[in-house]
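Try each task before you read its solution.

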Amino acid sequence: MKSLKILFLVIIIVSYHLKSGDGRRILSIKDFITDTNPTNVDYSQTFQEAWKGLCEDERSVGSALVIHENETYTIQPQLFKGPCVSSYIHIQIDGKIEAPKAYGEWKNTKNIDSWLCFKDVEGLFLNGSGTLHPHGEAWWPAVSHSNRPRTISFKACNDIIYNGLTQMNSPRIHISIVACNNATLSNLHLIAPEDSPNTDGIDISMSHNIHVLDSSIQTGDDCIAVNGGRGGSSDINITRVACGPGHGISIGSMGKNGEADIVENVNVRNCSFLGTQNGARIKTWHGGGGLAKNILYEHITLTDTKYPIIIDQHYSNGGDVEGNAVKVSNVTFRHFEGTSASKIAIKLDCDETERCHNIVMEHINITSSSPVKNLTTYCKFADVLASFVNIGINCSSHKNLSYLPLPPPFH
């Protein structure tokens, strides 16, 4: 709560100073346009010149770049590289930035990781009421998902605030957070069709102290995915996110290709799932290593969600399921309310050797979205402590597992 108050205070102060002036330079893209040819539709070089002006500013208060509401710019993929001389960089986008509308108009498509990439930047404040539109719909039928770019990436960046923008139709992942520390993403609107392939909302990996707040995510894949990677990910706070359509808010996938991934200290609170394929999900590849621990999903609202609660230690996406398993422990699902579109409302598919340890279910009240369905659970090799859960959980095991009797359903 303290970090949230600080965030809104920063936004209010910055917005005030942009209007009233505080000694900083207020720059416009038009300040950097040298080509006055009205037929020019590529402003890539202009954006690089504007970034240079921001990044190399030696003023103690830095500079701000404003893209106004009535402005639209088309740009090719951009790398905004640090480290910068300025310790504080502010970009306010109230207009629209878009990529070329046709896939064939993109340049160097074989080497593109992201359309917009901020790398090695500290003290970045990116906000506004505008739109980022990379026209991913041109990529989906033409290019395999592993070769499509993300819309915006933050790589090895610290102290980031990203607030207010709308992103539409990413070719792949909408927002990627990689090897970052201290980032707050809030009041974002991420939109792509339900059948758009691999259009995750926000993917987090190798990052620490990341907050995702007060946002709506409607995509064709995970609304949010928290992954491990080198150094792992920890201290992730996801609060008041409306997810759907999409595949839920996921831990993982973890352990792909035998890697040892670590994800710990993740809190998902006051979130909703509308028509999603999953709700609260942990997915780990068989054959991988590492651990997922200290995970909390709390105060979750479900509407027609296919698998409201799922832990899958045998996630393979069609691949091999032999080998080790990522350790899963200390996971709490608390205060879930709503409806399930599938018969199996709770699925805990854990590994016989590693098992899932200390899985706590408290105050779970899930009913079927169909009046003719009776909900069930699927549970293997999980140590479950359940109280006030309206669906019986009986976990099969080759070992003696103490089972806590469930109270009667509550209403």
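Throughout, a contact means heavy atoms within 4.5 Å. You are looking at a predicted model, where local features need pLDDT of at least 70, side-chain atom pairs count only at pLDDT 80 or more, and totals for chains, interfaces and linings use all residues. Residues are numbered from 1 along each chain as its sequence is written, and side-chain values use heavy atoms, with hydrogens and water left out.

**Exercise 1. Describe the surroundings of His247.**

Step 1: find its place. His247 sits in the loop between β19 (233-243) and β20; strands here are DSSP runs of E, at least two residues long, and helices are runs of H or I of at least four, both numbered from the N terminus.

Step 2: judge its exposure. Buried means under 20% relative accessible area, exposed over 50%, and partly exposed in between, with a 1.4 Å probe and protein chains only. His247 has 17% relative accessibility, so this residue counts as buried.

Step 3: list its contacts. Setting aside neighbours within four places in sequence, His247 touches Gly220, Asp221, Asp222, Cys223, Gln277, Asn278 and Arg281.

Step 4: pick out the polar contacts. These are pairs of N or O atoms within 3.5 Å; within protein, one must be able to donate a hydrogen and the other to accept it, and residues adjacent in sequence count only if both atoms are side-chain atoms. The His247 side chain makes one with the side chain of Gln277 at 3.3 Å, and a polar atom of that His247 side chain also lies 3.3 Å from the backbone oxygen of Gly220.

**Exercise 2. Which side chain makes a polar contact with the side chain of Asp222?**

Step 1: go to the loop between β17 (208-218) and β18 (224-226), where Asp222 is found.

Step 2: check burial. Asp222 counts as buried because its relative accessibility is 2%.

Step 3: Beyond four places in sequence, the contacts of Asp222 include His247, Ser250, Arg281 and Lys283.

Step 4: name the partner. Lys283 makes the side-chain polar contact, at 3.0 Å.

**Exercise 3. Work out which residue classes line the largest cavity.**

Step 1: set the rule. On a 1 Å grid over the protein atoms alone, a cavity is a set of points where a 1.4 Å probe fits but cannot get out; lining residues have an atom within 4 Å of a point. Grid points are joined across faces, edges and corners, and a volume is the space filled by probe spheres set on the points.

Step 2: count and size. There is one cavity of 30 Å³ or more, and the largest cavity holds about 130 Å³. Its lining has 15 residues, with Phe47, Phe80, Ile91, Ile93 and Phe118 closest to the centre.

Step 3: sort by class. Ala, Val, Leu, Ile, Met, Phe, Trp, Tyr, Cys and Pro count as nonpolar, Asp, Glu, Lys and Arg as charged, and the others, Gly among them, as polar. The lining has 15 nonpolar, no polar and no charged residues.

Step 4: trace the elements. α2 gives the largest share of this lining, three residues, and the buried residues of α2 include Phe47, Ala50 and Trp51.

**Exercise 4. How many helices and strands are in the protein?**

Step 1: count the elements. The protein has two helices and 29 strands.

Step 2: Of its 411 residues, 55% count as buried.

Key: 1 Å grid on protein atoms, 1.4 Å probe; cavity = no way out; pocket = protein on both sides within 12 Å on 5 of 7 lines; lining within 4 Å.
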